[in-house]
Amino acid sequence: MTFSFSLVLVWLDLAGVFFFAVSGSLLAARKQFDIIGSLLLASVVSLGGGVIRDIIISAGPPAAFTNPAYLAPPLLAAVLVYFLFSSVQRFTSLLVLFDAGGLALFCITGTLKALSAGMNPVAAVLLGVTTAVGGGLLRDITANEVPQLFDPRDLYALPAFAGAALTAVLSLSGSFTALTASAVSAVVFAFRVTAWRRHWHVPLAVRGWHRLGLDTAETGTRD
């Protein structure tokens, strides 16, 4: 592995923390939480995935609790949304865009940190996906929303799987660089946003079932 979890990856991790934190604060604003609730939800979504990752690989105390820099993005996100939300709340896609940015970065950093900890490629990919979707899952549950991870009308984990797999392949082949990292994050971001805009989805758990809210809206029946 020629591209270690270096200072560059720490900055990528912090960027992912910020993107997810903004998505959390935006959701808090829409749910009419107060500023403290906004800060807490931003912290949950932005730090949750990394905490899960560090605990699984036994990396010692999670970076969120040992590096004060990880506390700055949630605070900045809560402040920015507090002052700017009234002028951007009409753009319903904003939350998805920031969430997609965090997803794109966290699936990369989670996979690389797992590989650097000696995990096999398959386990590293799974941990990369867990890092990417874990915070969003905690955010939606905390805000009493249907988790995007389990929404049958949306793709959430699949872009993260693609990004984590690409990261593992590039890293193990010695081709992972800042340029390829940017390319992978762009692919994951575009995949996630395009899937959301075009309503892409995967088959349900049981063949032949209807998607409530989609198929039933057309037929006027419920199974």
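Guide: Reading along the sequence, you get the pattern α-α-α-α-α-α-α-α-α. That makes nine helices and zero strands, where helices (H or I, at least four residues) and strands (E, at least two) are DSSP runs, numbered from the N terminus. Before we dig in: this is a predicted model, so local features need pLDDT of at least 70 and side-chain atom pairs count only at pLDDT 80 or more, while totals for chains, interfaces and linings use all residues. Residues are numbered from 1 along each chain as its sequence is written, and side-chain values use heavy atoms, with hydrogens and water left out.

Now for the inside. Of the 223 residues, 44% count as buried; buried means under 20% relative accessible area, exposed over 50%, and partly exposed in between (1.4 Å probe, protein chains only). The largest nonpolar core has 35 residues, and Tyr70, Leu103, Ala132, Val133 and Ala160 have the most contacts inside it. A nonpolar core here is a set of buried Ala, Val, Leu, Ile, Met, Phe, Trp, Tyr and Cys residues joined through side-chain atoms within 4.5 Å. The elements giving two or more residues to this core are α1, α2, α3 (63–66), α5, α6 (121–142), α7 (157–172) and α8 (178–198). Helix α5 provides the largest share, eight residues. Apart from this core lies another, of 12 residues, among them Leu27, Val81, Phe85 and Leu95. As background, nonpolar side chains tend to be buried together in soluble globular proteins.

Let's zoom in on Ala160. Leaving aside its neighbours within four places in sequence, Ala160 is in contact (heavy atoms within 4.5 Å) with Leu103, Cys107, Val129, Ala132, Val133 and Val188.

Rings of Phe, Tyr and Trp (its six-membered ring) pair if their centres lie within 6.5 Å; planes under 30 degrees apart count as stacked, over 60 as edge-to-face and the rest as tilted. By this rule there are five aromatic pairs. Phe20 and Phe106 make an edge-to-face one, at 5.3 Å centre to centre with 65 degrees between the planes. That pair links distant parts of the chain: Phe20 is in helix α1 (residues 7–30) and Phe106 in helix α5 (residues 94–116), 86 residues apart. Both Phe20 and Phe106 are buried. Separately listed, Phe18, Phe19 and Phe98 form one aromatic cluster.

One nonpolar surface patch covers about 990 Å² and includes Ile35, Leu40, Leu75, Tyr82 and Phe83. Helices α2 (35–56) and α4 (72–88) each supply at least two patch residues, and α4 gives the most, with seven. Ile35 sits in helix α2 and is partly exposed, at 40% relative accessible area.

Definitions and conventions. Patch = residues over 30% accessible without salt bridge, like charges linked within 9 Å, V, L, I, M, F, W, Y side chains within 5 Å. Areas by Shrake-Rupley, 256 points an atom, 1.4 Å probe, with all protein chains shown as cover. Salt bridge = Lys/Arg side-chain N within 4 Å of Asp/Glu carboxyl O.
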